[in-house]
Each structure stands twice: as structure tokens, then as C-alpha cells.
Amino acid sequence: MATKWRLPSIDVPMTVSALLLVGIGLSIVFSATTVPGQHEGLWAKQLVWFGFALLAAWLAAAIHYRLYDTFAYVLYGISILLLVAVLGFGTSAMGAKRWLELGPLKFQPSELAKIATVFVLARRFDDRNLDLRRIKDWLPPLFIMLVPFALVAKEPDLGTSLSFPVILIAMYFWAGMPPGHLLLGLSPAVNVALFFVTGSLLWFAAGFGLLLMVVRPKWPTLVLALLINGGVAYAVPHMWDHLHDYQKRRIETFLNPGQDPHGSGYQIIQSKIAIGSGGLVGKGFLRGTQKGLAFLPMRHTDFIYSVVGEELGLIGALTVVILYAVVILRGYRLALRTRNGFASLMAVGLVSALFYHIIVNILMTIGWAPVTGLPLPLLSYGGTALIVNCVQLGLLQNVAIRRQEY
Amino acid sequence: MQNYTQERQSKETRYFVLVSLAVAGFALITVGLLNLQIVDHSNFLKLAQENRIRLEVMRAPRGAIYDRNGELLADNYPSFNIVFRPLPAESTQRAKLVVDPRWVREVSRLVEEDSTRITDLVLKANRSGQTATLRQNAPFPVLASVEESRSEYPGLEVVIQPLRRYPNGTLAAHLLGYAGEINEKELVERAEQGYQAGDLIGRTGVERTYEEFLRGRDGAEFVVVNAMGRRVSTLSEGPPQRPDPGHDVVMTVDLQVQKAMEEVMAKVGRGAGVAIDPRDGGILAMVSRPAFDPNEFSRGLSFARWSELSSGGANPLLNRAIQGAYPPGSTYKVVIMLAALRSGVVSVASRFASCFGSFRFGGRSFGCWKREGHGSLDFPGALQHSCDVYFYQVGIKLGLQRMEAAALAFGMGDKTGIDLPQERRGLIPSQAWYDKRWGVNGWRKGTLLNLAIGQGELLVTPLQLALMAAEVATEGRPIRPHVVKEVRGAPEFHVSKPVQTGVAADPAVWAAVQHGMELVVESGTGTAARVQDVRVGGKTGTAQNPHGNDHALFVCYAPVDKPRIAMAFVIENSGHGGSIAAPMAGAILRKLFAPDTSSTEVAPVPLPIDTSGVVRGD
């Protein structure tokens with residue numbers, strides 16, 4: 001009986017879905033770059049990258065995750081240094097410094113930082129005596145998240161930087177922070193967001209009052225929450241009023257680049273036309289029209305889902321969504337089933353980051369999220385992204401193989 | 001064990017929450033897809049089939065520039081470009097156009113441009129989907145014929161582009177600077193700031209320093225066009241973004257003073273003049289010769305013309321008022337006098353060895369500009385007659401360090417912080433500077449004598465000289481020279497604080513310096529700047545330079561009892577300050593304070609005293 005339990009077993013549905021997604025990605029990259037002139041033959045390059053990605057995924061799965069646990073802080077330290085290096089002498093593209101160039105290789109340290117942050121948080125939260133209602137337990141992880149978050153936001157890469165708070169929130173929750181306290185922690189961010197959306201502080205005040213009544217936090221927590229929110233409520237409108245017009249504009253474009261019709265506003269409209277014109281069954285593989293000319297820029301990278309929607313229609317687009325759903329849901333299931341605390345927490349962090357990328361990219365192509373420059377995992381053209389995504393999946397398989405271990 | 005089960009249960013609840021969130025996210029995408037691909041499918045299909053969406057830029061006007069009284073100095077006017085807009089992708093017309101040489105020939109005749117150029121532009125436009133400009137700033141006859149036959153040539157259109165206009169031509173050209181069309185490199189560098197191809201960008205002068213305020217933000221809207229490329233309606237998706245016009249800028253410049261200065265300097269080959277209000281540091285006028293016409297840049301400049309303007313000895317683009325560095329000559333005696341009096345090494349009544357035309361020091365003879373000598377003078381008298389021998393002796397007593405400190409206090413040797421680009425610092429040499437240049441013992445005390453009469457390695461800008469006069473007028477208050485006093489619609493704009501900390505000296509010291517400067521104009525070397533019933537303080541200067549004839553300099557301020565204007569002139573290679581530069585100041589002052597008696601003619605005046613012989617100071 002024991003031998004049967006110990007048989008190494010990867011998660012089959014997740015693996016199959018991921019392979020199918022990569023396959024669809026390769027075909028769509030092929031289709032999107034058949035327009036003569038630019039980017040010809042990129043699909044072959046992507047295929048080579050996929051070879052490397054499989055190797056990396058295998059490595060990530062083969063090494064026992066205990067090793068990641070042990071070296072979590074080392075990896076985190078390295079990735080922070082690299083992020084600082086990017087700000088110093090990174091390569092600029094479209095006004096942002098995101099890449100480090102190592103000879104022919106280009107590398108985005110923010111991707112490494114994401115994985116390293118997951119390791120460190122999983123290591124900290126894997127503790128029998130953890131009580132996330134206590135400041136000494138929840139505050140250090142917050143700073144661990146804020147350092148890479150701030151460095152990546154400074155590049156500026158708002159889209160990627162937001163995956164750090166997403167990871168933290170998911171892992172707080174998984175590690176047992178009561179939902180009420182989690183909401184309390186999120187309240188300053190909600191406060192600012194609601195102010196910008198509604199222009200009034202009343203909405204937030206009402207919701208916050210309700211939350212306090214339900215959660216009934218202890219005195220120190222209550223005072224802290226009130227102080228921070230009071231400060232934010234006072235400072236944000238004042239700071240906003242004191243900014244120069246052009247500074248306001250800069251912030252607005254930073255938060256929502258899609259507002260600018262010259263740049264990404266144009267892309268969103270073209271993307272919507274592409275997807276919408278695909279209809280139920282699509283125009284057929286290689287038959288898309290919007291990808292031609294300049295009508296659908298970045299069609300093989302950030303906007304690849306638009307080509308899926310145009311050529312394969314609702315059926316193809318939904319198939320992709322379902323495949324992603326399988327990957328994500330199997331990932332969370334893995335987190336539930338695995339016995340080791342570190343492995344379980346790591347799985348939740350990785351899956352949540354992946355989920356965030358998928359949702360934000362697809363919502364962007366249908367015009368429901370701002371253009372943030374996030375590629376679509378497994379589908380978009382791009383070597384580093386593909387390798388990193390496969391490593392993430394490899395780490396999940398790592399958990400799957402050893403799910404019976406404590 | 002019970003604890004374990006409890007935890008297990010709570011894990012499952014958490015798992016359920018996470019899964020629900022994920023499912024909700026994917027469901028949201030599904031709703032979005034259904035909305036686009038089923039509900040709005042036919043609408044989008046129509047748009048896609050003809051790809052009739054076009055982005056139309058609505059240009060935001062650049063802010064205008066006014067003088068302090070609201071007189072216009074720069075604004076915009078519409079010019080007309082003939083462009084080719086690529087036709088929709090599936091248009092059959094389009095395929096024909098690209099290959100049809102007859103079409104190209106006819107269009108080329110119509111817009112009066114080379115046919116190979118037209119072919120290139122149209123091919124490129126069709127490839128990229130971007131609009132190509134076939135002819136910029138087209139004259140009216142060309143416009144008329146294009147408008148007439150537009151229906152025969154699909155894709156051909158006339159668009160309006162705002163151009164910059166400077167109604168006064170070369171007047172205040174260096175202050176205003178110029179704005180030109182943004183180039184490819186700038187577009188890349190300023191990608192984040194929302195510049196579009198075809199936008200204007202400030203290159204020099206106020207146009208450059210106030211670019212952030214002057215520039216507007218272009219608006220844009222999506223329009224639906226028909227198969228011929230004609231506009232049918234505005235797209236409801238994505239609301240139009242209104243253009244956001246640039247802010248108007250109000251300068252401290254007074255057009256009346258500027259005009260007067262331009263007139264008196266009309267015949268100057270190379271040189272500069274600056275007028276500043278000592279009360280607040282606002283620049284009233286600034287002239288640099290030779291000048292350029294900023295309108296030339298709006299119309300588009302050939303490369304040959306540009307290199308002609310920007311290089312060579314004349315270099316009309318150079319603003320000599322802030323970028324020209326000159327030896328101050330005897331105008332520097334004002335600084336020396338203040339330094340000597342405030343440190344107490346010389347008193348007002350001090351008389352040194354009489355001037356017999358030269359002074360022996362360290363085995364060398366240092367001449368006075370007046371060969372027959374000035375005789376015995378007190379301090380104000382020495383300034384009045386600009387006696388070099390007197391100042392040699394002051395210089396020896398004063399020493400290098402005190403001279404340097406006073407010059408720096410006046411704001412020399414450093415940027416004044418004026419809101420114009422690329423101001424020069426000038427040079428006030430220090431002990432360390434000489435040691436480095438000539439070795440610790442490599443230079444002699446004779447250097448002090450040269451410095452005391454404003455010669456040697458000293459370099460100052462005309463603006464720094466005007467600032468010096470303003471400092472004397474206000475008894476050493478810190479002053480921030482600036483050219484813009486207000487940005488309309490931007491209340492947060494304010495004039496920056498002074499860079500320098502002011503010149504510290506007793507009122508009695510200031511009174512003596514002011515008295516000396518008044519004597520200069522009343523009955524000294526600067527009588528050409530005299531104005532009836534107005535007390536004027538001034539100082540002449542004649543700076544030797546190795547490259548040719550002397551530079552003529554003059555600084556002044558008026559009225560002495562209630563100063564409203566301080567000025568400085570440097571006229572290159574033209575002769576004596578008293579006969580060349582002082583009359584210019586005089587003409588301007590008379591125009592401002594005694595308009596009835598003024599004449600705009602400025603002729604060199606003979607100096608009241610004989611100037612034959614070796615010229616040293618003035």
C-alpha cells in the first residue's frame with residue numbers, strides 16, 4: 001500500500017491544459033506574424049524557447065522544495081539587488097526600464113522577484129504558532145512585499161508590481177488571517193480607490209463603519225486602522241489639490257494609460273473590433289484581418305488574445321478560458337491536498353500570481369481593464385515570460401509529486 | 001486531533017473562497033466575450049470589414065506670450081498641409097493607387113512636389129497605415145486646386161496645422177526663443193509626455209524654459225470614415241478627448257523699453273544690452289546682436305540656413321546677454337570700490353600717489369588710460385574719471401581674496417538663475433584658480449593690478465553687469481533676474497527665490513559708490529548718458545581683447561533717488577564705453593524719462609577728455 005502512495009505523480013489535467021495552451025499560443029503567434037514585413041518566423045523562435053522552458057520546468061519540479069524553503073531569503077536578496085540594478089542600468093523600452101541585458105539574453109528581474117517573494121512568504125507563514133492578527137506576524141511580510149513592489153512600480157511597471165500585493169493577500173488569507181482583518185488591512189487602499197471613483201469620502205466611511213462593527217478588532221488594531229485611514233482621507237485630497245496640472249495628468253496616465261487615445265486607447269478599440277468581429281466561430285485560423293497593417297499592434301505579445309478571439313471566435317476564446325480555469329483550479333486544489341505547509345502556501349502564492357496575470361490581460365483585450373503591458377501567460381510571444389511561467393508550473397508539479405510528504 | 005479537524009475544515013472553507021473568486025473571474029471574462037462576440041458582433045464585424053476607424057488628432061493651441069502690459073509677443077496661426085491618408089485595407093481603389101504611375105504623376109503636379117518623393121510617401125503610408133504629409137504649409141493656389149479635384153483623388157486631404165508666429169520679427173528674439181516641429185529623436189525621448197508627430201516644441205528662450213506650461217495637450221477622437229476615406233461620423237466607442245490648450249505666459253519685458261533698446265542697437269554688429277527692474281529683478285529688455293527671426297524656424301528651415309545661423313563667429317542664435325562672457329573692463333571698478341570701502345582698507349577721502357599717467361610696480365610700468373595723468377584724486381573722483389593708477393593702488397591694498405568675495409557677492413562668476421536656457425557663469429578667478437593655472441609661485445602680484453581695472457582673466461555676462469548696477473541701486477538686496485512674471489491659469493507658478501544672498505555693506509559705503517557713479521554721468525567719462533532732470537548713476541568700461549578692437553561697455557541705473565531701471569551694454573570691438581555704449585543708455589533713458597527731448601538717433605559722441613594714447617581702463 002505504501003509503495004502505491006509514494007509513486008511520483010504529476011498533476012495530469014494541469015499539465016495537459018498547459019501544453020494545449022502553449023500549443024494554441026504557438027499557432028496564434030504563427031498566425032499573427034504571417035503578415036509580411038515584420039516579425040516573420042517568430043513562432044519558430046518561440047518553439048526553441050519552449051524547449052528551454054520545459055527543461056527549466058523539469059528542473060524546478062525535480063529539486064525538492066525544501067531547498068527553496070532553505071534558500072528563500074538568499075533568492076529574495078538576489079532578486080532585490082537585480083531590481084535595483086534594473087533601475088540603475090536596465091534597458092528602456094517604451095519609457096520604462098524593465099530589462100537587464102546579459103549579452104544576447106534579456107531578463108526581467110521582476111519575474112524572479114515574484115517567485116522569491118512567494119518563497120519567503122511561504123517560509124514565514126509555515127509556522128505552527130502563526131497568528132496573523134498579531135502585528136509582529138503580519139507587519140514584516142507586508143514590508144517583504146512592499147520592497148519589490150515599490151522597486152517594480154518605479155520602473156514603472158504598475159501591472160507587474162500589483163501582482164506582489166495580490167500574492168501577499170492570497171497568502172495572508174491561506175495562512176489563516178481572518179477575513180475581517182484582511183479587509184481592515186486593505187481598507188486604506190480601498191479608501192483611496194473609492195475617493196477617486198466617487199469623489200467623496202462618505203462611501204468609504206459607511207463601509208468602514210460597517211466593517212468595524214462586524215470585525216470588532218482589539219484596541220491597538222482599531223486605533224491603528226482609524227489613524228491610517230484618517231491620515232489617508234485627509235492627505236490624499238490635499239495632495240491632489242496641490243499637484244500641478246501636468247503632474248495630475250502624469251498620475252492619471254500612469255493609473256490608466258488607456259485614457260490616452262493616441263496610445264493604448266487606439267489599441268483597445270482595435271482589440272475590441274478584432275474580438276467582436278470574430279463572432280461565435282471566428283474567421284478561421286490565419287484568416288484574421290485586424291492583425292494586418294497597423295490595426296492591431298502588439299498582436300503577438302500583449303494582445304494575442306485578440307487574435308484568438310478574432311480567428312477562433314467565442315468557441316476558441318472560451319476554450320482558452322476553460323484551459324486556464326483548469327490550471328488555476330487544479331493549482332488551488334493542490335494547495336488544499338498537499339500536507340506540507342510550505343508547499344501548500346507556495347502553491348497558493350504561485351497560482352494567485354498566475355491568475356492575476358491571466359485575468360488582467362484578458363480583461364484588457366476586451367476593454368474592461370487598463371492597458372498595463374502584462375503578457376498573457378503561456379500564450380504571448382516572449383522567451384523569458386514563457387520560461388518563468390513554465391517554472392511556476394514546474395514548482396506546482398513539484399508540490400504535486402510530493403503532496404504526501406509532511 | 002480535534003484541532004486538526006477544525007483546521008482542516010477551515011482550510012476547506014478558504015479553498016472554497018479562492019475557487020469561487022477564480023470562477024467569478026473567469027465568468028466575468030465569459031460575460032465580456034459574450035457581449036463582444038454575440039451581442040455586438042454585427043456592429044464590430046462591419047467595422048472590421050471596412051476598418052473604417054480612424055484616429056483624428058485635435059491639435060491643442062500652444063500658449064501665447066505677452067509682455068508685461070499685455071502686448072502680444074508670440075501666438076499661433078493656421079497653416080495648411082496636404083496629406084495622404086491610406087484608404088481602408090480592403091478598398092480596391094487602394095491597390096490601384098499604389099501601382100498607378102499616372103495617379104502619382106497627377107498628384108505630384110497638383111501639389112507641386114517631386115513624383116518619386118510622392119511615390120515613396122504613399123507607399124510608406126499604405127504599409128504603415130499612417131498619414132503621410134505630402135506638402136507642408138501649402139500656398140493658397142495649390143490648396144485651391146487640391147480642394148477642387150479632391151474627389152478624383154481619394155486619400156488626398158488638406159489638414160490644418162498651427163504654426164508659431166512672432167509678430168515683431170527679430171524683436172526680443174533671444175528672449176522668446178523659438179518653437180519648431182518636434183523631431184523623431186525628441187519624440188522617442190519624450191514618449192511619456194504625450195507628444196505627437198507634428199507638435200511644436202520650444203527650442204530656446206522662454207519657449208524652451210516654459211515648454212511645460214506653453215504646450216497644450218492634443219485631443220483626439222475616433223471617427224468612422226467611408227471607403228473613400230471621408231468622415232461619416234464619430235465613433236461612440238471611446239469618447240473624444242478634448243484638446244487642452246497651453247497656458248499663456250506673461251513676461252516681465254516691457255515692449256516699449258525693448259523697442260527702444262532694439263532701436264539704439266540697430267546698427268550694432270555684435271553685442272548685447274540688458275535692462276532690469278532693480279525693484280523685483282524683472283527683465284525689462286534684452287537685446288543680443290546679431291539677431292535672428294524666429295518666424296524662420298516656424299516655416300521650416302533648410303539645413304544650410306540652420307548651420308549659417310548657429311555657427312561661425314556671428315552665431316545669431318547665441319544670446320550674448322547671458323551666453324557671452326566678456327572682460328568687464330572699468331565697469332568692474334564699481335565692485336573694487338565697494339570691496340575696498342566695505343573692508344575699510346581705503347576710505348572715501350583716501351588719496352594715493354598722484355597719477356602721472358603710469359604706475360611702477362614690480363619692475364614694470366602700468367599705464368593709466370590718460371597719459372598726461374589725473375593728478376591727485378579722492379575715491380569718488382577716481383571712479384568719476386576712471387583713474388587706473390588710483391585703482392592699481394587700491395588693488396594692491398585690497399588683495400585677491402577680498403576682490404573675489406565682492407564679485408561673487410554681486411552674483412558674478414555664477415549663474416544668476418535667470419529663467420532662460422544655457423546661461424553662462426563667467427569667471428572670477430581665485431587664488432586656487434591661479435595656483436592651478438600657473439603653478440603656486442608661477443604668477444605675480446601684478447595680476448592684482450590688472451584685476452583692479454577689470455582686465456586679466458575676468459569674464460562676466462552682460463546680465464551679470466546689469467545685475468551689478470541693480471545691486472548698487474538697491475544697496476545690495478538679493479535679486480533674482482527673471483523674464484516671466486505670470487503664467488495665466490497656473491496660480492502655482494511663482495518667481496523663484498534669488499540665488500545670491502545679496503551684497504553686505506554699510507549704507508555709507510553704498511552712498512559713496514552711488515555718489516561716484518552719479519559723478520561719472522554728471523561730469524566724468526559717462527556724460528553721454530545724461531538725462532535732464534533725472535539723476536543717473538553709471539560707469540563706463542573699455543575692455544581690451546586680444547582678437548581686435550576694444551569692447552565698449554556701460555552700466556547704469558536711474559533715477560538714483562528712486563531706481564526703476566538698471567542697464568548694461570557690451571558692444572563688441574567698437575571702441576570706448578563712454579563714446580559708444582553710454583550714448584545708447586542715454587537715448588533709452590531720455591525716451592523713458594524725458595520723451596519730449598529724446599531723439600532716437602544715436603551717434604557716437606566724442607569723449608569730454610582727450611583719449612589719445614595707450615588705453616588701459618577707460
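This dialogue goes through a few features of a predicted model.

Visitor: How is a pair of packed helices described?

Guide: Two packed helices are described by the angle between their axes and the distance between the axes. In chain A, helix 7 (residues 135–154) packs with helix 9 (residues 163–174) at an angle of about 160 degrees, and the axes are 9 Å apart.

Visitor: Why are helix 7 of chain A and helix 9 of chain A called roughly antiparallel?

Guide: Angles over 145 degrees count as roughly antiparallel, and the angle here is about 160 degrees. Helix 7 and helix 9 of chain A are therefore roughly antiparallel to each other. Their crossing is right-handed.

Visitor: Which residues of helix 7 of chain A meet helix 9 of chain A?

Guide: Helix 7 of chain A brings Pro141(A), Met145(A), Pro148(A) and Phe149(A), which meet Phe164(A), Pro165(A) and Leu168(A) of helix 9 of chain A. The residues of this contact are seven nonpolar, no polar and no charged. On spacing, an α-helix has 3.6 residues a turn, so residues three or four places apart point the same way.

Visitor: Now chain B. How many helices and strands are there in chain B?

Guide: Chain B has 23 helices and 18 strands. Of its 618 residues, 46% are buried. Among contacts in chain B with a separation of 6 or more, 73% are between residues 24 or more positions apart.

Visitor: What is the strand order of the open sheet of five strands in chain B?

Guide: The order is 12-11-18-17-16, with antiparallel pairing. Strand 12 and strand 16 of chain B are at the edges with a single partner strand each, so one side of each has no neighbour in the sheet. Direction ignored, neighbouring strands of this sheet are turned by 5 degrees against each other on average.

Visitor: How many bridges pair strand 16 of chain B with strand 17 of chain B?

Guide: Strand 16 and strand 17 (residues 548–558) of chain B pair over eight bridges in the antiparallel sense. A hairpin of two residues joins the two strands, and Asn545(B) stands opposite Gly548(B). Strand 17 of chain B also runs antiparallel to strand 18 (residues 565–571) of chain B, with seven bridges; there Ala552(B) stands opposite Ile571(B).

Visitor: Is strand 16 of chain B mostly covered or mostly uncovered?

Guide: Strand 16 (residues 537–545) of chain B is mostly covered, with seven of its nine residues buried. Helix 22 (residues 507–523) of chain B lies across strand 16 and strand 17 of chain B, at about 75 degrees to strand 16.

Visitor: What covers the buried residues of helix 11 of chain B?

Guide: Seven of the ten residues of helix 11 (residues 255–264) of chain B are buried, including Leu255(B), Met261(B) and Glu262(B). The cover includes strand 11, strand 12 and helix 23 of chain B.

Note on methods
Residues numbered from 1 in each chain as written. Chains lettered and ligands numbered in written order. Predicted model: local features only at pLDDT ≥ 70, side-chain atom pairs only at ≥ 80, totals over all residues. Axes fitted to C-alpha atoms, helices over the stretch in contact; angles between N-to-C directions. Helix = DSSP H or I, 4+ residues; strand = E, 2+ residues; numbered from the N terminus. Parallel < 35°, antiparallel > 145°, perpendicular 65-115°, else oblique. Left-handed = near helix turned anticlockwise from the far one by under 90°. Contact = placed C-beta atoms within 7 Å. Nonpolar A, V, L, I, M, F, W, Y, C, P; charged D, E, K, R; others polar. Buried ≥ 20, exposed ≤ 12 C-beta atoms within 10 Å, placed from the backbone. Pairing = 2+ DSSP bridges.
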